Amino acid sequence: MSGGGKTGLTATLNRGWWQTRKWLVLRRVSQLGILGLFLLGPLAGVRIIDGNLSSSLLLDTVPMTDPLLFLQMLVAGFLVPAGTAVLGAALVMGFYLLVGGRVFCSWVCPVNLVTDAAGWLRLRLDLHGGINLARSTRYWMLALVLLLALATGSLAYELVNPVSLLHRGIIFGLGSAAFVALALFLFDLFVARRGWCGHLCPMGAFYGLVGAVSPVRVRADQRAACDDCMECFVVCPEPQVIRPALKGAEAGRGPVILAGECTNCGRCIEVCPQEVFAFGLRYPNRERGQGSETRSSPGLSKGAAT
Amino acid sequence: MNGGSGEKGSGHPAQPGRRRFLGDLARTACGVGVLGLGLGLHASRANALPAAAIRPPGALPEAEFLAACTRCGLCVRGCPYDVLKLAGLLDEAPAGTPYFVARTEPCVMCEDIPCVPVCPTGALDHALTDIHEARMGLAVVVDHEACIAFQGLRCEVCFNICPVRGKAITLDLQHNARSGKHALFIPVVHSADCTGCGLCEKACILEEAAIKVLPMRLAKGELGHHYRLGWEQKAEHGGSLVTPDQQHRYNLPEGVRYEHGGRGLIIDEGAESPYSDNPLDTLNRGLEPDR
Ligand code: SF4
Ligand code: SF4
Ligand code: SF4
Ligand code: SF4
Ligand code: SF4
């Protein structure tokens, strides 16, 4: 396994800087751009999108509501929310059902900037160890969030939800939210690798469930070309999702990364020197290397370096 | 290295593997459970809104509001006067929920209530279209000792500033017993018309306002639901509901009368005092064994 600093080096030499950072850069542009759009209102008086990630209004017409929050609302006993919230939750839910639930995590959520930074620094500093959390803990957390809403009759988790605290803090200027970001950063850096997003965050868990059925996926169509450099495992925030698709050929598994936990961040695609991965669709879940499907091969794969 | 689930190849036979899996499961469940308990306690404490924080117009009753408000801040953005704030992590109000503090920034009662229709969930009830129907809280003259109107001085600042002037606050004229010849102009708030905007609290001339807007739950008492006020029932009914009271007859000694008209106990002048010098005689009256 390559040390932190060299990840992506071979790919960069093969394909150049842009091709090996394209999705990463686009992702940062998306994350910061969305923050920027929200900030335009309070800072410059330009109202493109109002509110925050919990609920917002785009161009004064399109409502958006976080579906998990909406679910908590129902569980807490508020059964007749205004139509705006219903429509908003349906729109957001529909979008993520289509493109992959955890696209929220990698392309929108501001916490990802913090935890990715911690993850990157952890690689750079070659930090190891920390506590072991089961990746399934987040599903317990999700259950807890809903249970709390049921028991307290309020959106109790929102009192501490770092995602909304941070986003709200950035937009509405609440100083203490910076400490939440710092705490998450330190937690991921020293306590648990990819601790928050990969193991604990109930929103990540929720969006993971949403994404389990979505059609837009990362595919390892060229998996035969894999030379076990392991770079994809190093960069992936959820490395456990790769193995079944990449190494499952003998077991009869298809090349599509099916796990909902995959955030569709696209890092594996660009960092792989063998160009094994590409964005594509869920179906068909078998190699597209052979037969008539070769030409319709989607995404970046310009034919692997076989 | 991530927990027990999914990692294979440890070389252990199946049995210990499963045991470890179950152990991990129990550990996780316990950890999350404890976390939940803490969060629940935190929530129940944090959900008690402090008295100084008043919800925006149209806000549902607090318990429902906490289930309905997504903490998006659209109402905050909607308010043209920057009255509303979103609670921060360390504020007393539950994090992210909107409120205002009357003494520093009261609601100016916009005609079109722009903060309400933007609320996506209806946590601010869209049915509120007339700001005069808003009940954000209730103004209460909390300190009769500090309010200078009670000293007999002229003030009426709260009365004059009130947008529902003359209805939400009236001035009650009372006799000034200290000077003997002046009037007190006492501010009295009426819950039927006060919107809880807080303009009066902001305007109160005292160092610390004598009139304060309190959340309804603190401002209002509540009569037992079985209570009926006789005169109201009587007015509704158009007459007495029961057969008129018999004049009460007191067991009075000679020479003593009771006048229901208002004078009360009357001892006939000239008559000898009906009371014996020994108070025991009075107490024992009617109990004499040899009657
Ligand atoms: S896991 Fe949670 S905190 Fe991390 S990116 Fe996803 S929603 Fe944000
Ligand atoms: S009524 Fe007007 S001043 Fe009062 S909170 Fe709403 S928008 Fe602000
Ligand atoms: S607009 Fe409604 S949901 Fe949003 S913060 Fe205000 S009251 Fe809450
Ligand atoms: S809060 Fe004060 S100013 Fe506002 S309506 Fe009530 S009495 Fe009038
Ligand atoms: S403004 Fe203050 S001091 Fe003056 S009458 Fe009203 S409550 Fe009393």
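This is a predicted model: local features need pLDDT of at least 70, side-chain atom pairs count only at pLDDT 80 or more; totals for chains, interfaces and linings use all residues.
1. Between chain A and chain B, eight residue pairs are in polar contact, both residues being at pLDDT 80 or more. A polar contact is a pair of N or O atoms within 3.5 Å; within protein, one must be able to donate a hydrogen and the other to accept it, and residues adjacent in sequence count only if both atoms are side-chain atoms.

2. Residues are numbered from 1 along each chain as its sequence is written, and side-chain values use heavy atoms, with hydrogens and water left out.

3. Chain A and chain B bury about 3,500 Å² between them, 68% of it on carbon and sulfur atoms (accessible area, 1.4 Å probe, lost on putting the two parts together, summed over both). Chain A brings 44 residues to the contact and chain B 41 (heavy atoms within 4.5 Å).

4. On the side of chain A that touches chain B, H7(A) gives the most, with six residues. By class, that side has 25 nonpolar, 14 polar and five charged residues.

5. Over all chains the structure holds eleven salt bridges. One of them joins Asp116(A) to Arg27(A), with the closest N and O atoms 3.0 Å apart. Asp116(A) lies in helix H6 (residues 111–124) of chain A and Arg27(A) in helix H2 (residues 22–44) of chain A, so the pair ties together parts 89 residues apart in sequence. Helices (H or I, at least four residues) are DSSP runs, numbered from the N terminus.

6. The contact of H4(A) with H11(A) is made by Val92(A), Met93(A), Tyr96(A) and Leu97(A) on H4(A) and by Phe206(A), Tyr207(A) and Val210(A) on H11(A). These residues divide into seven nonpolar, no polar and no charged (Ala, Val, Leu, Ile, Met, Phe, Trp, Tyr, Cys and Pro count as nonpolar, Asp, Glu, Lys and Arg as charged, the others, Gly among them, as polar).

Conventions:
Chains are lettered from A and ligands numbered from 1 in the order in which they are written. Helices (H or I, at least four residues) and strands (E, at least two) are DSSP runs, numbered from the N terminus. A salt bridge is a side-chain nitrogen of Lys or Arg within 4 Å of a carboxyl oxygen of Asp or Glu.
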